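Please keep the sequence and the structure in view while reading.

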Amino acid sequence: MTEAFRLIKPGVMPPLDVEFRPAVLANREFRREVEEAGGGVPLVFGLERANGAISRFETRVFPEDHPRAEANLFYAERLFKFLLWKHGAWRVYVGGPGSIGVYLSECYAPGGVHEFDYHFMGEQVYERTFTVVPCAPEEVPAERESRRQLGRHLDGCRIGFDLGASDRKVSAVIDGQAIFSEEVVWSPSQQSDPQYHYAEIMAAIRSAAAHLPRVDAIGGSAAGVYVDNRPRVASLFRGVPRERFDEISNLFLRIRDELGVPLEVINDGEVTALAGSMALEDNGVLGIALGSSQAAGYVTLEGYLTDWLNELAFAPVDYSPTAPQDEWSGDRGCGAQYFSQQCVFRLSPVVGITIPADLPNAEKLKFVQEHLEAGHEGAVKIWQTMGVYMGYGIAHYADFYAIRHVLILGRCTSGKGGQLLLDGAREVLNAEFPELAAQIALHLPDEKIRRVGQSIAAASLPALAAPTGS
């Protein structure tokens with residue numbers, strides 16, 4: 001099917017990936033062709049999440065009787081995939097040519113090529129049967145976005161925590177100032193008993209509470225998918241058997257009820273974007289963290305967090321048929337293979353760096369970064385390649401997000417790597433997307449952003465409860 005859909009060679013070629021075919025260039029070329037062919041016909045996606053929230057995306061495709069109509073299917077499927085992992089959905093309305101609706105229904109179904117997405121979005125995240133609804137464009141429901149007025153609440157005595165894969169952090173915060181912070185090493189992913197997780201998180205909260213005159217509110221961040229303070233899928237809890245996962249789903253609700261104070265827990269990428277927005281004193285912030293996988297978060301132009309998933313690790317950025325395959329979902333060309341340590345590990349053999357197999361992943365990354373710091377030419381090319389990926393990735397994201405700032409962080413940005421990433425991204429934007437280069441500021445975390453930090457931003461999530469009788 002990619003034979004009918006035209007892939008575009010990038011103007012700035014990644015040094016180590018001559019097969020790279022950026023999604024942003026292919027999508028824009030397709031839309032240009034449709035416009036030149038008479039403007040095409042509407043294709044409208046409506047993505048329904050929890051509580052009836054719906055996001056819409058509108059584009060145009062070739063009419064069914066056009067000689068290039070076959071190209072619609074690849075374009076629509078990759079667009080569907082991106083929107084699904086950007087917004088999340090258990091039901092997706094596909095308003096447009098019937099062949100597109102039928103094709104997507106087959107792809108995202110049991111036995112389909114995207115069966116992973118079918119089960120993940122439906123059963124695991126939204127606890128519903130995932131459904132694709134082919135329809136006419138005018139039958140797609142109106143947009144009903146759910147804005148979340150979380151964060152920026154600095155008043156009172158608060159606790160903020162961040163649950164990582166290797167350590168848990170907690171801070172006691174009074175009127176926006178952290179007066180106590182603690183990091184404790186733990187191994188949550190190896191623990192099968194939900195009581196372990198409850199006890200460890202409560203220990204962190206009690207440790208911070210001991211330094212406060214009272215606790216008014218608690219906010220937290222953690223990797224994974226969270227819906228209404230309930231973890232739906234999270235690597236932290238992957239050791240817990242499915243039959244006991246309800247205890248994890250209700251873990252933070254239990255803690256909130258026992259402590260009797262407002263409590264909010266959201267994805268760590270969202271809190272990172274919030275921290276960046278608070279430090280930059282501006283909105284329209286997309287945070288991209290390059291760690292063990294790719295994490296992302298977004299603050300709207302109006303300063304709100306959303307209930308979108310923003311799981312860009314699974315969103316396609318490369319349309320090459322030879323693009324690397326994601327181990328989990330089985331899909332090709334998705335963000336985690338370009339914006340995380342997985343990319344470093346994938347490219348290291350290409351430049352002759354042999355990583356010892358017995359090292360933990362964090363040490364494997366450090367091993368390659370030591371080559372980078374020593375000036376190894378191949379290691380430099382790895383990060384230059386990732387920088388080019390980042391430039392085309394940001395341009396692609398800008399077709400779906402309103403962005404003023406991109407905050408690039410995570411352990412892959414340590415040392416010389418961060419500047420190489422920034423330089424590569426800026427080269428791409430200046431050369432291929434000058435209008436975006438003028439519009440979007442790229443940032444590595446500076447001292448001001450670090451001062452706000454994850455824990456203070458997390459602590460600021462809940463609003464204080466209104467006084468009784470008010």
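How many disulfides does the structure hold? The structure holds zero disulfides, a disulfide being a pair of cysteine sulfur atoms within 2.5 Å. This is a predicted model, in which local features need pLDDT of at least 70, side-chain atom pairs count only at pLDDT 80 or more, and totals for chains, interfaces and linings use all residues. Residues are numbered from 1 along each chain as its sequence is written, and side-chain values use heavy atoms, with hydrogens and water left out.

**Cysteines**

- A disulfide is a covalent bond between the sulfur atoms of two cysteines.
- C135 is in no disulfide, and the nearest cysteine sulfur, that of C107, is 17 Å away.
- C135 is buried, with a relative accessible area of 14%; buried means under 20% relative accessible area, exposed means over 50%, and partly exposed lies in between (1.4 Å probe, protein chains only).
- For C334, the closest cysteine sulfur is in C343 at 14 Å, which is too far for a bond.
- C334 is buried as well, with a relative accessible area of 2%.

**Aromatic pairs**

- A pair of aromatic rings is described by the distance of the centres and the angle of the planes.
- The structure holds 34 aromatic pairs. Rings of Phe, Tyr and Trp (its six-membered ring) pair if their centres lie within 6.5 Å; planes under 30 degrees apart count as stacked, over 60 as edge-to-face and the rest as tilted.
- F5 and F74 form a tilted pair, with 4.8 Å centre to centre and 40 degrees between the planes.
- This pair links distant parts of the chain, 69 residues apart: F5 is in the segment before helix 1 (23-36), and F74 is in helix 2 (residues 71-87). Helices (H or I, at least four residues) and strands (E, at least two) are DSSP runs, numbered from the N terminus.
- Both F5 and F74 are buried.
- Why does the pair of W85 and F314 count as stacked? The ring centres of W85 and F314 are 4.3 Å apart and their planes are at 25 degrees, so the pair is stacked.
- W85 in helix 2 and F314 in the loop between strand 15 (305-306) and helix 9 (341-347) are 229 residues apart, and their pair links distant parts of the chain.
- Both W85 and F314 are buried.
- One aromatic cluster is formed by F5, F30, F62, F74, Y75 and Y319.

**A lysine over two rings**

- K86 lies over the face of W308, at 4.4 Å from the ring centre. A charge sits over a ring if NZ of Lys or CZ of Arg is within 6 Å of the ring centre and within 35 degrees of the ring normal.
- K86 also lies over the face of Y401, at 4.7 Å from the ring centre.

**Nonpolar cores**

- In soluble globular proteins, nonpolar side chains tend to be buried together.
- The largest nonpolar core has 101 residues, and those with the most contacts inside it are F45, F80, I382, W383 and Y397. A nonpolar core is a set of buried Ala, Val, Leu, Ile, Met, Phe, Trp, Tyr and Cys residues joined through side-chain atoms within 4.5 Å.
- A second, separate core of 30 residues includes V170, F180, W186 and Y226.
- Leaving aside neighbours within four places in sequence, F45 is in contact (heavy atoms within 4.5 Å) with residues including R56, L79, F80, V92 and V140.
- V92 lies in strand 3 (residues 91-95) and is buried, with a relative accessible area of 1%.
- The C-alpha atoms of V92 and R244 are separated by 30 Å, and the two residues are 152 residues apart along the chain.

**Polar contacts**

- N27 has its place in helix 1 and is buried, with a relative accessible area of 2%.
- The side chains of N27 and Y319 are joined by a polar contact of 3.1 Å. A polar contact is a pair of N or O atoms within 3.5 Å; within protein, one must be able to donate a hydrogen and the other to accept it, and residues adjacent in sequence count only if both atoms are side-chain atoms.
- Not counting residues up to four places away in sequence, N27 touches F5, Y75, Y319 and H396.
- S320 lies in the loop between strand 15 and helix 9, and at 5% relative accessibility S320 counts as buried.
- T322 is also placed in the loop between strand 15 and helix 9, and a polar contact of 2.9 Å joins the side chains of T322 and S320.
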